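The model is shown below.

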Amino acid sequence: MGRILIKRIMLGLITMWIVSIMVFTATEILPGDVASAIMGKSATPEALQSIRTELGLDQPALVRYGGWLMDIFSGDLGNSLATGRKITELIGERLGNTIVLAVATALFAVPLSIFLGLFAAMFPGSFFDRGVSTSTLCLVSVPEFFIASVLVLIFSISLNWLPAISQISLNAPFLKLVQALALPVMTLTAAIMAHMARMTRTSVLNVVSSPYIEMAILKGVPRRTIIVRHAFPNALSPIFNVVALNLAYLISGVVIVETMFAYPGIARLMVDAVTNRDIPLVQACAMLFCSTYVGLNMLADLLSTIFNPRLRFPK
Amino acid sequence: MNPKPKGILPKNDSCPADDSSRSDRPPPKRNLRLGATCWIGISILLVWLFVALFGPLLAPHPQGEMISYDSFAPMGEVGILGGDYIGRDIFSRLLFGARMTMGLALIATVLAFVLGGVFGFLAAAGGGWVDQVLSRLNDAIMAFPSIMLALIVIAALGTSIPVLIIMVCLIEATPVFRLTRALGMDISVMDFVEAARARGENISWIVRREIFPNTIVPLAAEFGLRYTYSILFISALSFLGLGVQPPQADWGVMVRENMIGLTYGSPAAVIPAAAIGSLTVAINLIVDAFVEHGNRDVSEEMI
């Protein structure tokens, strides 16, 4: 057991290392370099050269990669090219907002989709089951900005209940915070719910076809009890897996939603950085998102190993 | 896509009541019975395909022409679907945009299938270090959330149509590679392939006549899914301002341009978003019916 966990964590670290190489290489394929990006097109060759020496750009790529990695570990991410401010500051200001958005979405979407999936599994083939299946398929197929814009038209424009722009600050009164978060959370929930609900249904139904459930049916246990008491606990492992994977998928949803609602989070910071071609900031944000993604994927594997004894002892 | 399991207790209503009558029946037809949702999907897809092919001929105005001095002129007043943020005809731009949105994604997906498919079969057939190298490379690309990969590449290279196509092709090729490799490996150990080898058929004949035909159904379903992902992905980038660039009409660009209109209650941003949604839902409905059909028991079809 312990050895498998350590092995999986090592694999995650190696993945992170590969990711860091790829993120760093992105700057190497940049036509021109950071120096010309700072100085603009009219810079003289001498000025460029001095900036290169100052930033250490005249060093070989491997040395610079090593230095960059060391800087990341020591928590110094450098300065943003566009604003000149410290990147750790820029990210620090917004990190909380994105975490609040993600946690709120997880708290809302995970129970909802597991409930829907369980209910659908209780009555397979029923009207409710088909309704859940078709509507979640439709929700996952449409772009996030479609869901978001329809929600804005309904809740902000027609009903005038919720703000269309989510300018949140974490010290605002709780009700204000909930109002600002409502539409982004609803959009993200719609985007990630489908997979989780369908997977819950499928894994519960898979368990239901096993002999011990047949035994319970023959014994006369009510259907609801069979699903909740006998089938669901054994279906937890694949469900955990798909939940963690979908929280990782949340990352791409967050990018769209933060742009749509002008939400002051990390994703929008990164999109702005890409638009300004502010490479150091892009690198920092990318490393942050990618490590979250790798971490969640690793967590998914670890959880399913812990909850599924068969995976603990591979043949 | 996971195969849908049957209900709690297997239904027995499909069991033939009288076996003796079977010989009198005509041989079973392998007819494709498709549900209503599938037909809805097919009709929506056909409409959009028609628009993508002939849209520019049908459009009442050129895509850049301003037909109104007002922003967000309401529906019915100007044009069929109203005007956009600088008074251009939304209906015409929607017709022009179809070609861009659907065409770009189609090119990227086809290229992804060629790339992923060729390398996938190569890994399956080659095995050994060829497989190891290709698979680890594939894992490295898959370790990124695809949107992050796209944002990094665009930050480094800037955005243009070729960059978009190559990037989406690379991102979409990774799952295709995984699928074709798995399919190729599964099928190449089956008895009929063994038999063909024993007959002394050469490797290319085996791939063409025995392995490839057996992968068509799952690959076709995968193509539908990858195509919708490409559409959503490119539209998302255009929506972020990092994909197709204005003034070119593209559905994702149109959503971005007209987003501000939402605060005035104008549906100008919702219309192109709905167009993307209807297209992707349609393809997903078709794929879903297709997968469901493929998962039906063979025995069920024999009766």
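Two residues are in contact if their C-beta atoms, placed from the backbone, lie within 7 Å. By that criterion, 68% of the contacts in chain B with a separation of 6 or more are between residues 24 or more positions apart. The model is predicted.

**Chain B**
- Chain B contains 10 helices and zero strands.
- Read from the N terminus, its elements run α-α-α-α-α-α-α-α-α-α.
- Chain B has 303 residues, of which 43% count as buried.

**Contact between chains A and B**
- On the chain B side, 43 residues are in contact with 48 residues of chain A.
- Elements giving two or more residues to this side of chain B are α4 (146–157), α7 (203–239) and α9 (270–295) of chain B.
- The most comes from α4(B), with 10 residues.
- By class, the side of chain B that touches chain A has 29 nonpolar, 12 polar and two charged residues.

**Helix pair in chain A**
- Helix α5 (residues 87–122) of chain A packs with helix α10 (residues 223–260) of chain A at an angle of about 145 degrees, and their axes are 9 Å apart.
- The crossing of α5(A) and α10(A) is right-handed.
- Residues of α5(A) in the contact include Thr98(A), Leu101(A), Val110(A), Ile114(A) and Met122(A).
- From α10(A), the contributors include Arg223(A), Arg224(A), Phe232(A), Val243(A) and Leu250(A).
- The contact of α5(A) with α10(A) divides into 15 nonpolar, two polar and two charged residues.

Terms used: Residues numbered from 1 in each chain as written. Chains lettered and ligands numbered in written order. Predicted model: local features only at pLDDT ≥ 70, side-chain atom pairs only at ≥ 80, totals over all residues. Helix = DSSP H or I, 4+ residues; strand = E, 2+ residues; numbered from the N terminus. Buried ≥ 20, exposed ≤ 12 C-beta atoms within 10 Å, placed from the backbone. Nonpolar A, V, L, I, M, F, W, Y, C, P; charged D, E, K, R; others polar. Axes fitted to C-alpha atoms, helices over the stretch in contact; angles between N-to-C directions. Left-handed = near helix turned anticlockwise from the far one by under 90°.
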